[in-house]
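Take a look at the model below. The text after it goes through a few parts in turn.

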Amino acid sequence: NYDNTMNKRRLRMLEANREAARFFHKCLQTQDGAIGYRYFKERGLTDETIVRFGLGFAPDSFFALTNYLIKKGFTKEELVFANLARRSQKNPDNVYDNFRNRVIFPIIDVKGNVIAFGGRVMDDSKPKYLNTSDTLVYKKSMGVFALNLAKKSGKDSLILCEGYMDVIALHQAGFTNAVAGLGTALTSEQAQLLSR
């Protein structure tokens, strides 16, 4: 009598995140995504680094990702649960993209699953960063950015950085054991994960 409803929901969430990561990465290579690509290049990133971290761009649209994922067979409810979309307050039957007009940083766990996203504006507008809220597959207090890559570095130490771009710049410079905690403070859960 095992009920695997939650497990199925987790798997669907991981599938939706993987498809979203592919969508964002492809958008970076389009005319609309040129602004995001230019942002990464101005920050000194190579094409190889952009691909390695799966960096992407969320178009300046309320429905680009939502329409794409619905065509892929995902429901509106699944997109809301994954925090890829939000419900309209005026009409709860309608959903719209959570990430818009931002460069995208996929957050990948040590098993290689895309579990969340960080989105950064390319100007001075607020909020500077928009991150996936806690979901069935992601808890910010337990997340560590780039641990999946640092784990393969072969080093017996880690370099703990403040944010995504710090980590990516260090990896590009050859310090492939760089990671960053997610959130404003290092949590005990993150420290335990790093110690393992």
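By how much of a helical turn are Glu-15 and Arg-12 separated in helix H1? They are separated by about one helical turn, because they sit three residues apart in that helix. Keep in mind that this is a predicted model.

Start with that pair. Glu-15 and Arg-12 form a salt bridge. Their closest N and O atoms are 3.3 Å apart. Side chains of opposite charge can pair when their charged atoms come close. Glu-15 has 29% relative accessibility, so it counts as partly exposed. Arg-12 is also partly exposed, because its relative accessibility is 28%.

Helix H1 holds another such pair. Arg-22 and Glu-19 meet through their side chains in a salt bridge, at 3.0 Å from N to O. They too are three residues apart in helix H1, so about one helical turn separates them. Their surroundings can be read from the accessibility values. Arg-22 has a relative accessible area of 43%, so it is partly exposed. Glu-19 has 12% relative accessibility; buried means under 20%, so Glu-19 counts as buried.

How many salt bridges does a search of the whole structure find? It finds four. One of them joins the side chains of Lys-41 and Asp-47, again at 3.3 Å from N to O. Lys-41 is partly exposed, with a relative accessible area of 34%. Asp-47 is partly exposed as well, at 41% relative accessibility. Salt bridges with shared partners also link Arg-12, Glu-15 and Glu-78 into one network.

Now turn from charged side chains to nonpolar ones. In soluble globular proteins, nonpolar side chains tend to be buried together. Here the largest nonpolar core has 48 residues. Which of its residues touch the most other members? They are Phe-24, Phe-40, Leu-84, Phe-117 and Phe-145. Helix H1 gives the most, with eight residues.

Look at Phe-40 in more detail. Leaving aside neighbours within four places in sequence, Phe-40 is in contact with Leu-28, Leu-45, Ile-50 and Leu-55, among others. Its contacts also include Gly-56, Val-103, Ile-104 and Phe-105.

Next comes a sheet. Three strands form an open sheet in the order S7-S9-S8, with mixed pairing. Strand S7 (144–145) and strand S8 (159–161) are the edge strands, each pairing on one side only. Strand S8 pairs with strand S9 (residues 178–181) in the parallel sense, over three bridges. Within this pairing, Ile-159 has Ala-178 of S9 as its bridge partner.

A helix goes with this sheet. Helix H7 (residues 164–172) lies across S7, S8 and S9. Its direction is at about 175 degrees to S9. His-171 belongs to helix H7. Is His-171 buried or exposed? His-171 counts as buried, because its relative accessibility is 4%. What does His-171 touch, not counting residues up to four places away in sequence? It touches Arg-52, Phe-53, Ala-146, Leu-149, Ala-150, Thr-176, Asn-177 and Ala-178.

How values were computed
Residues numbered from 1 in each chain as written. Predicted model: local features only at pLDDT ≥ 70, side-chain atom pairs only at ≥ 80, totals over all residues. Heavy atoms only, no water. Pairing = 2+ DSSP bridges. Helix = DSSP H or I, 4+ residues; strand = E, 2+ residues; numbered from the N terminus. Contact = heavy atoms within 4.5 Å. Axes fitted to C-alpha atoms, helices over the stretch in contact; angles between N-to-C directions. Buried < 20%, exposed > 50% of the residue type's maximum accessible area, 1.4 Å probe, protein only. Core = buried A, V, L, I, M, F, W, Y, C linked by side-chain atoms within 4.5 Å.
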